[in-house]
Amino acid sequence: MLDPYYHMSDGRQIACYVNMETERDIDAVLQQKVAGVGIFRTEFLCVAEKGVPSMERQAQIYTALAEKLSPLPFVIRLFDFGADKCDLLFGKKNPFGKKVSARGVGFLLQHPKILQDQLCAIMRASSIGNVRLLLPFVSSLEDVCMVKKMIDTIKQKTKKFSLGAMIEVPAAALMADQLVQEVDFLSIGTNDLVHYLFGLDRNQASAFSKDIVPSLRRVLQMVVCAAKDAKKPLILCGEMAAHKELLPIFLELGIESFSLSTAHLSAFKERMQALHVIERAKSSMLSPQRVRSR
Ligand code: PEP
Ligand code: MG
């Protein structure tokens, strides 16, 4: 099994995380050498649980997973529902009917009970100490501020944890310098970012074409600079990280943490081995020492 940490010849340290979709994935994750879970796609719980699980059930699931992973970081992403994702997840049995007009955090702000329950459950699990909370589909500062306000109303009963924003739509990338001021870390979702930047179908978004490189590079550079200027961690999530033509570009842009599904991990690790890796590194961008607690 190849190591999850790499030290590049220019002195930079690169960490490899994994994307997780169901509770069952935890065993596969623990068998892999990874720096932690870069995204737990919680919406997939609703398929396994046949609907949105109660606050208690979610707290039980998140806590058990956080305990198993501890001390590795566990990034729990809020439910990313929304028209296209619901079709993907539920097909014709979409529990929200046709009333899905926003994705990710936008959807959750329209459904405050679902949001409140999930925040409470994650905050309970945060007592383990390795939990990070990630907001999907942030499209404005307002999105982040509204969730933070809700967190503040619940916070009295919980421990500290860090908060991240996903950059998955061009609007978020354009505002990255301001968004980063409101959170502890940024996470770039290449699957959706490429889909929304280039008008590609989501299923096609991970297909590589040289035509996307110049504009993708420019957008990523904005986000990387925003995180670097604010001295906050940035992670790139999505299967594109394993692409042999794109990985060198991501590294050249200064991205140091990557998260991929288990199916793409070995391709990523083999590519990293081939790219000027001189020795193993020891800690990661999302490790407790490097993520400021809220
Ligand atoms: C992404 O958009 O790249 C991402 C990681 O989120 P998801 O694939 O779950 O939409
Ligand atoms: Mg996404």
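Student: Is Phe258 buried or exposed?

Tutor: Bear in mind that this is a predicted model. The label follows from relative accessible area, with buried meaning under 20%. Phe258 has 0% relative accessibility, so it counts as buried. The residue lies in strand 9, which spans residues 257–261.

Student: Which residues does Phe258 touch, leaving aside its neighbours within four places in sequence?

Tutor: Its contacts fall in several stretches of the chain: Ile14, Ala15, Cys16 and Tyr17; then Ile235, Leu236 and Ala241; then Leu247, Phe250 and Leu251; and Phe268. Ile235 is 23 residues from Phe258 along the chain, yet their C-alpha atoms are separated by 5.4 Å.

Student: How many residues are in the largest nonpolar core, and which of them touch the most other members?

Tutor: To read a core, one looks for buried nonpolar residues joined through side-chain atoms. The largest one here has 92 residues, and those touching the most other members are Tyr62, Leu119, Leu186, Phe258 and Phe268. Apart from it lies another core of 11 residues, including Tyr5, Tyr17, Ala35 and Val75.

Student: What do the totals for the protein say about burial and contacts?

Tutor: Of its 294 residues, 56% are buried. Among contacts with a separation of 6 or more, 70% join residues 24 or more positions apart. The protein has 13 helices and 10 strands, and its accessible surface comes to about 12700 Å², with 52% belonging to carbon and sulfur atoms.

Student: Is the peptide bond from Ser70 to Pro71 cis or trans?

Tutor: The omega angle is the value to read. Here omega is near 10°, and the bond is cis. Pro71 is placed in the loop between helix 3 (55–69) and strand 4 (74–77).

Student: Which residues coordinate the magnesium ion (ligand 2)?

Tutor: For a metal, one lists the donor atoms and their distances. The ion is coordinated by Glu168 (OE) and Asp192 (OD), at 1.9 to 2.0 Å. Glu168 lies in the loop between strand 6 (162–167) and helix 8 (170–174), and Asp192 in helix 10 (residues 190–198), so the pair ties together parts that are 24 residues apart in sequence. Both Glu168 and Asp192 are buried. Because water is not among the atoms, sites may look incomplete.

Student: What is the phi value of Phe137, and what is that of Lys231?

Tutor: Phi of Phe137 is near 55°, and Lys231 has a positive phi of about 55°. Phe137 sits in the loop between strand 5 and helix 7 (141–154), whereas Lys231 is in the loop between helix 11 (213–229) and strand 8 (234–237). With 8% relative accessibility, Phe137 counts as buried; Lys231, at 75%, is exposed.

Student: How many disulfides are there?

Tutor: The count comes to 0 disulfides. As for individual cysteines, Cys46 is buried at 2% relative accessibility, and Cys237 is buried with a relative accessible area of 3%.

How values were computed
Residues numbered from 1 in each chain as written. Chains lettered and ligands numbered in written order. Predicted model: local features only at pLDDT ≥ 70, side-chain atom pairs only at ≥ 80, totals over all residues. Heavy atoms only, no water. Core = buried A, V, L, I, M, F, W, Y, C linked by side-chain atoms within 4.5 Å. Buried < 20%, exposed > 50% of the residue type's maximum accessible area, 1.4 Å probe, protein only. Disulfide = S-S within 2.5 Å. Helix = DSSP H or I, 4+ residues; strand = E, 2+ residues; numbered from the N terminus. Contact = heavy atoms within 4.5 Å. Donors = N, O, S within 2.8 Å, 3.2 Å for Na, K, Ca; no water. Areas by Shrake-Rupley, 256 points an atom, 1.4 Å probe, with all protein chains shown as cover.
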